[in-house]
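Welcome, and please get your viewer ready. We will go from one selection to the next, with a short note on what to look for at each stop.

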Amino acid sequence: TLSWNCMISGFGQMGNLELARDFFERMPRKNLVSWNSMIAGYEKNGDLEQAIKLFCHMQLKGEKPDRHTLSSLLSVCTELVDMHLGRQIHQRVIKIFIPDVPLNNSLVTMYARCGAIIEARVIFDDMKLQKDVVSWNAMIGGYASHGFAAEALELFGAMKRLKVRPTYITFISVLNACAHAGLVEQGRMHFKSMVTEFGIEPRVEHFSSLVDLVGRHGQVEEAMDLINSMPFEPD
RNA sequence: CUCUCAGCCC
């Protein structure tokens with residue numbers, strides 16, 4: 001069963017769902033990991049309906065979803081922006097589990113993506129000291145993508161005060177927030193601090209945010225200089 | 001053996 005499961009998750013990650021499903025169907029004895037691997041494979045490759053179908057199917061077979069199952073399902077809800085299903089999964093998380101950080105992070109992401117930014121924040125705050133950098137990124141990204149630049153930047157400040165080290169993903173959201181709000185000066189500052197203070201290599205996403213920001217605010221020459229200074233081809 | 005955060009277009 002162990003090696004069958006490896007096959008399923010391996011082919012699932014490669015995107016070969018037909019083959020993964022083939023192994024899944026043929027294996028003599030499935031366990032919870034088999035179901036989880038197959039569901040995760042569908043979710044990762046965007047076959048969200050199949051993921052939900054299999055989730056229902058496993059329960060009919062008497063399998064009890066665990067944190068891996070529910071994590072995949074929350075990702076499905078996030079991608080579908082389906083808060084109705086998301087709430088149902090949330091209820092099952094509450095019923096089944098002792099607090100789990102990745103699962104709470106998924107809940108934050110799901111609610112944020114569905115526009116329920118307050119709900120996301122409640123989960124986030126309830127995590128207290130358990131919050132990790134992913135939790136911060138999820139919440140900051142949620143604010144940023146809904147145009148709440150002030151909240152995103154305030155949270156970013158709080159994060160740094162608590163000595164949580166930002167990642168390149170944090171800065172993608174921070175720069176997007178600045179771009180959204182037209183905060184040219186702050187955007188430049190954060191970009192610089194990303195490199196000098198945190199030693200993070202700027203990626204194409206960072207450059208495009210900053211180019212967008214300064215370019216839209218009349219600093220066309222600076223935008224061109226930025227493009228020319230990029231270590232990769234412009235988009 | 002499963003694994004959470006940005007990354008379609010606008």
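Which helices each supply at least two residues of the surface near RNA strand B? Select α1 (2-14), α3 (32-44), α5, α7 (101-113), α9 (133-145) and α11 (168-181), and you have them. Keep in mind that this is a predicted model.

Next, highlight α7, which gives the largest share of that surface, 5 residues. Now show the 22 residues around RNA strand B; N5, N36, H68, N105 and N137 come nearest.

Turn to the RNA side.

- N105: a polar side-chain atom lies 2.7 Å from a base oxygen of RNA strand B.
- S106: here a polar side-chain atom is 3.1 Å from a sugar or linking oxygen of the RNA strand.
- Q13: an N or O atom of the side chain is 3.2 Å from a phosphate oxygen of RNA strand B.

Now pick T78 in helix α5 (residues 67-80). Is T78 buried or exposed? T78 is buried, because its relative accessible area is 9%, under the 20% cut-off. Beyond its sequence neighbours within four places, T78 is in contact with T109, M110 and R113.

Finish inside the protein, at the largest nonpolar core, which has 67 residues. Helix α10 (residues 149-161) gives the most to this core, with 7 residues. I89 and M139 have the most contacts inside the core. Select M139 and, leaving aside neighbours within four places in sequence, look for its contacts with V108, I117, A120, R121, F124 and L155.

Conventions. Residues are numbered from 1 along each chain as its sequence is written. Chains are lettered from A and ligands numbered from 1 in the order in which they are written. This is a predicted model: local features need pLDDT of at least 70, side-chain atom pairs count only at pLDDT 80 or more; totals for chains, interfaces and linings use all residues. Side-chain values use heavy atoms; hydrogens and water are left out. A nonpolar core is a set of buried Ala, Val, Leu, Ile, Met, Phe, Trp, Tyr and Cys residues joined through side-chain atoms within 4.5 Å. Buried means under 20% relative accessible area, exposed over 50%, partly exposed in between (1.4 Å probe, protein chains only). Helices (H or I, at least four residues) and strands (E, at least two) are DSSP runs, numbered from the N terminus. Contact means heavy atoms within 4.5 Å. A residue is near a molecule or strand if one of its heavy atoms lies within 4 Å of it. A polar contact is a pair of N or O atoms within 3.5 Å; within protein, one must be able to donate a hydrogen and the other to accept it, and residues adjacent in sequence count only if both atoms are side-chain atoms.
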